[in-house]
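Below are the sequence and structure, followed by what I looked up.

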Amino acid sequence: MGQFAVGLVLAGWIVLAVLTFTGVWPLEVAFSLAIAVLTAVLGGLAVYAAVSQARKPESEVLRPPDWLGDVEAYFRWLTPVGLFFGLVFGHYFWH
Amino acid sequence: MALALAIVLAIAVHALVTATTPVCDTVFPARRGDYPSWVYVLGVIGAFVIGSITRQIGVRRQGRVPMQLGEGPWANRGAVVAVNLGVAAFLFLITILMVIEAWTLDHGAWPITYYVRCSTDAGALVSLIGVIGYSLVMGRWMWVFNG
């Protein structure tokens with residue numbers, strides 16, 4: 001499921017990139033939609049995880065492989081900071 | 001903190017409801033309010049960090065051990081499902097906001113940021129207190145260390 005989600009996000013971003021570079025959308029519209037694609041897929045994964053846990057509490061379907069453990073711990077710390085500071089500085093410099 | 005944010009929100013709503021003229025430039029809201037931009041940026045960052053630090057201090061004083069979802073009391077099936085659904089709701093909310101942002105940018109309507117600009121132009125102090133309070137809460141809730 002994780003690999004499928006990654007593929008879905010990448011496919012969505014490729015479509016957005018093509019539409020942007022062919023002049024269908026300006027970059028700022030594509031950027032907003034790129035975030036929308038990412039959060040929609042992640043939201044879908046969260047729903048999938050909730051359903052999986054409800055049906056089978058010990059489900060490990062969404063655990064990353066062991067070799068990604070350190071990366072997971074790093075992103076657990078980094079994600080809130082990245083989200084928050086991205087919001088602050090992105091708006092400060094862009095808008 | 002929740003009460004303070006509710007009061008700030010009530011003041012802002014009252015000001016908007018009772019206003020007889022536009023509270024800001026309706027074509028292109030000003031980039032700056034009464035305070036320079038760095039006041040907001042540093043205030044928000046400082047509140048985020050302070051929120052995280054005060055959370056850590058509170059956790060250590062109470063002798064609690066932060067646990068991940070699926071560990072200890074968070075191993076309860078209901079808790080796991082509720083947290084996952086909460087995360088999903090938050091992510092779908094962001095998705096909706098981003099779609100709205102994209103639509104407004106593509107159609108020449110006010111993007112979400114313009115409403116923020118308008119609020120800082122109309123009420124700088126209330127906006128500053130609001131964003132600092134929000135950042136404090138986000139720092140306490142989101143930036144939590146396990147180690």
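I started with the secondary structure of chain A, which comes to three helices and zero strands. I take helices (H or I, at least four residues) and strands (E, at least two) as DSSP runs, numbered from the N terminus. Along the sequence, chain A reads α-α-α.

A note on ground rules: this is a predicted model, where local features need pLDDT of at least 70, side-chain atom pairs count only at pLDDT 80 or more, and totals for chains, interfaces and linings use all residues. Residues are numbered from 1 along each chain as its sequence is written, while chains are lettered from A and ligands numbered from 1 in the order in which they are written.

**Entry: burial in chain A.** I found that buried residues make up 14% of the 95 residues in chain A. Buried here asks for 20 or more other C-beta atoms within 10 Å of a residue's own, exposed for 12 or fewer, and partly exposed lies in between, with C-beta atoms placed from the backbone.

**Entry: H2(A).** This helix covers residues 27-55, so to speak, with 29 residues reaching 42 Å from first C-alpha to last, close to the 42 Å expected at 1.5 Å a residue. The expected span is 1.5 Å times one less than the number of residues. Among the buried residues of H2(A) I noted Val29(A), Ser32(A), Leu33(A), Ala36(A), Ala49(A) and Gln53(A). Their cover includes helix H1 (2-21) of chain A together with helix H3 (77-107) of chain B. For contacts I use C-beta atoms, placed from the backbone, within 7 Å.

**Entry: H1(A) against H2(A).** I read a packing angle of about 165° with the axes 10 Å apart. That makes H1(A) roughly antiparallel to H2(A). Axes are lines fitted to C-alpha atoms, for helices over the stretch in contact, and angles run from 0 to 180 degrees between N-to-C directions. Under 35 degrees counts as roughly parallel, over 145 as roughly antiparallel, 65 to 115 as roughly perpendicular and the rest as oblique. H1(A) brings residues including Leu8(A), Trp13(A) and Leu16(A), and H2(A) brings residues including Leu33(A), Val37(A) and Leu45(A). Ala, Val, Leu, Ile, Met, Phe, Trp, Tyr, Cys and Pro count as nonpolar, Asp, Glu, Lys and Arg as charged, and the others, Gly among them, as polar.

**Entry: where the chains meet.** How many residues does each chain give to the contact? Chain B gives 26 residues and chain A 25 residues. On the side of chain B that touches chain A, H3(B) gives the most, with 17 residues. That side has 19 nonpolar, four polar and three charged residues.

**Entry: H2(B) and H5(B).** The axes of these two helices come within 7 Å and cross at roughly 35°, and the crossing is right-handed. Their contact divides into 13 nonpolar, six polar and two charged residues. H5(B) itself has 19 residues and reaches 26 Å, close to the 27 Å expected.

**Last entry: Ala10(B).** Is Ala10(B) buried or exposed? Ala10(B) is exposed, with 10 other C-beta atoms within 10 Å.

Notes
Contact = placed C-beta atoms within 7 Å. Left-handed = near helix turned anticlockwise from the far one by under 90°.
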